[in-house]
Amino acid sequence: MDNKNRFFIFSDAYKDTSSFLCMGLLFKFFYLILFVAYKQKKKNFFTFSKKKVRTLFILLPNLTAILRNMKSQLIRRHPFCTFRTVNFSLPSIISHSYLSHLQDEDFVKSCQKTYQKDGYLHLASFITDECAKYMIKEALHLESNPKSFNSYEQHNIWLEEESPESKTWESLNSSKKLIAADIIEERYQDKGKFEKALTVGPCQQLYEYAIFRSFISKVLLLGHDDLYVSGDKQGKYYYNIFQPKNELGWHFDRSEFSVNLILQPSTSGGHFQFIPHSRKVFENEKKSVQQKSVADVIRKHHLQGQIRCESDLKQGSLYLFNGNQSLHCVTPVQSGKRINLIFTFNTKPNQVLNEYTLLKFFGRKD
Ligand SMILES: O=C(O)CCC(=O)C(=O)O
Ligand SMILES: [Fe+2]
């Protein structure tokens, strides 16, 4: 085991620490009973009577409930019991095979080709298992943070509200939990005396890695333009957590492209599906007056065979996607949480989200 992997032993330690403390309390409790029994010299203390067994039955469940409660309090409050921040170096974030290829011309060309043909590029195991596991733990740790936001939206495929044309489209549902970048970064600031101060977590490191950004801009924009990090402290990157029953209804993204890192696929359901380069077909249907549904258009234009269901997205998969041109959705999660990390890159520097989008996405303006 190398040094990087050792961190996971430490990050797991919080569970053991709290169990250890609770076990300690339990032992103290029994020690106290024995001590009292000894002091009172009650000879019949250890003999069983119906009354004693009944008392024990009443006491025990209460005692375990109290201990369970104390344990959760300890996990939340005790500095040793919170999920600890870890310092990752770039080679422990990006898998070795990609790290050495991001600037390789042939590799970039083959990625460009796939992306142009499909509007989609999947790079399996882009980040290391260690980093993915850490990010999953971080997302789950921040899930209960009061600033993380359960977003629920009713929308049409265009994600438009006002236009009369878009009103004739069926209404779809989307729901997930969003954990904005500022909540993630808070973890790495103001560490108390129990944790070493760290300024940059692995999400931020990957997001700000210029070679990663330049690779993406070469693939997405064929190198005609540069990509910039976002100026938005919430939306620059964010964890998404899909619980069972959460889904993303069919839609076209407002942004031209998306960069999505899959951390944990759900155990069943929660598949990413898309119809490559389908915008024109749906645009042509936009003008007719009758009520329209995705299923109707799929039937009418024989698109069924073109729906791609990406069930091979696994822990550590990175996918780049042309979400503005290809209709896509995430099917309802049936079991297990689906966790991913979305990066926002822009073609102009210092772009920020407007108040409306901030409230809709993250439930707060600042
Ligand atoms: O979670 C995914 O894989 C897709 C996300 C997506 O389409 C979106 O956020 O607009
Ligand atoms: Fe999307």
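Student: Of the 366 residues of the chain, how many, as a percentage, count as buried?

Tutor: The share is 29%, where a residue is called buried if 20 or more other C-beta atoms lie within 10 Å of its own, exposed if 12 or fewer do, and partly exposed in between, with the C-beta atoms placed from the backbone. Keep in mind that this is a predicted model, in which local features need pLDDT of at least 70 and side-chain atom pairs count only at pLDDT 80 or more, whereas totals for chains, interfaces and linings use all residues. Residues are numbered from 1 along each chain as its sequence is written, and chains are lettered from A and ligands numbered from 1 in the order in which they are written.

Student: How many helices and strands does the chain have?

Tutor: There are 12 helices and 15 strands, counted as DSSP runs (H or I of at least four residues for helices, E of at least two for strands) and numbered from the N terminus. As for contacts, two residues make one if their C-beta atoms, placed from the backbone, lie within 7 Å; among contacts between residues at least 6 apart in sequence, 86% join residues at least 24 apart.

Student: At what angle do helix α4 and helix α9 pack?

Tutor: Two packed helices are described by the angle between their axes and by the distance between those axes. Here α4 (residues 105–118) and α9 (residues 210–221) pack at about 45°, with axes 8 Å apart; the axes are lines fitted to C-alpha atoms over the stretch in contact, and angles run from 0 to 180 degrees between N-to-C directions. The two helices are therefore oblique to each other, a word for angles that are not under 35 degrees (roughly parallel), over 145 (roughly antiparallel) or 65 to 115 (roughly perpendicular). The crossing of α4 past α9 is right-handed, that is, the near helix is turned clockwise from the far one by less than a right angle, anticlockwise being left-handed.

Student: Which residues in α4 and α9 meet?

Tutor: From α4 come V108, C111, Q112 and Y115, and from α9 come F215, K218, V219 and L220. By class, this contact holds 6 nonpolar, 1 polar and 1 charged residues, with Ala, Val, Leu, Ile, Met, Phe, Trp, Tyr, Cys and Pro taken as nonpolar, Asp, Glu, Lys and Arg as charged, and the others, Gly among them, as polar.

Student: Which residues are around ligand 1?

Tutor: The shell consists of N240, L248, D253, N260, F272, G323, H328, V330 and N340, a residue being near a molecule if its C-beta atom, placed from the backbone, lies within 6 Å of it. Its classes are 3 nonpolar, 5 polar and 1 charged.

Student: Is K177 buried or exposed, and why?

Tutor: K177 is buried because 21 other C-beta atoms lie within 10 Å. This lysine sits in strand β3 (residues 172–180) and, leaving out residues up to four places away in sequence, touches E143, S148, F149, N150 and I241. The C-alpha atoms of K177 and S148 are 7.0 Å apart, although 29 residues separate them along the chain.

Student: Where is the place of S266?

Tutor: S266 belongs to the loop between β7 (258–264) and β8 (268–269), and counts as buried because it has 21 C-beta neighbours inside 10 Å. Beyond four places in sequence, its contacts are F242, V333, S335, G336, K337 and R338.

Student: What is the phi of H302 and of N350?

Tutor: Most residues other than glycine have a negative phi. H302, however, has a positive phi of about 50°, and N350 has one of about 55°. H302 lies in the loop between α11 and β10 (308–310) and is exposed, with 8 other C-beta atoms within 10 Å. N350 is in the loop between β15 (345–346) and α12 (355–362) and is exposed, with 10 such atoms.
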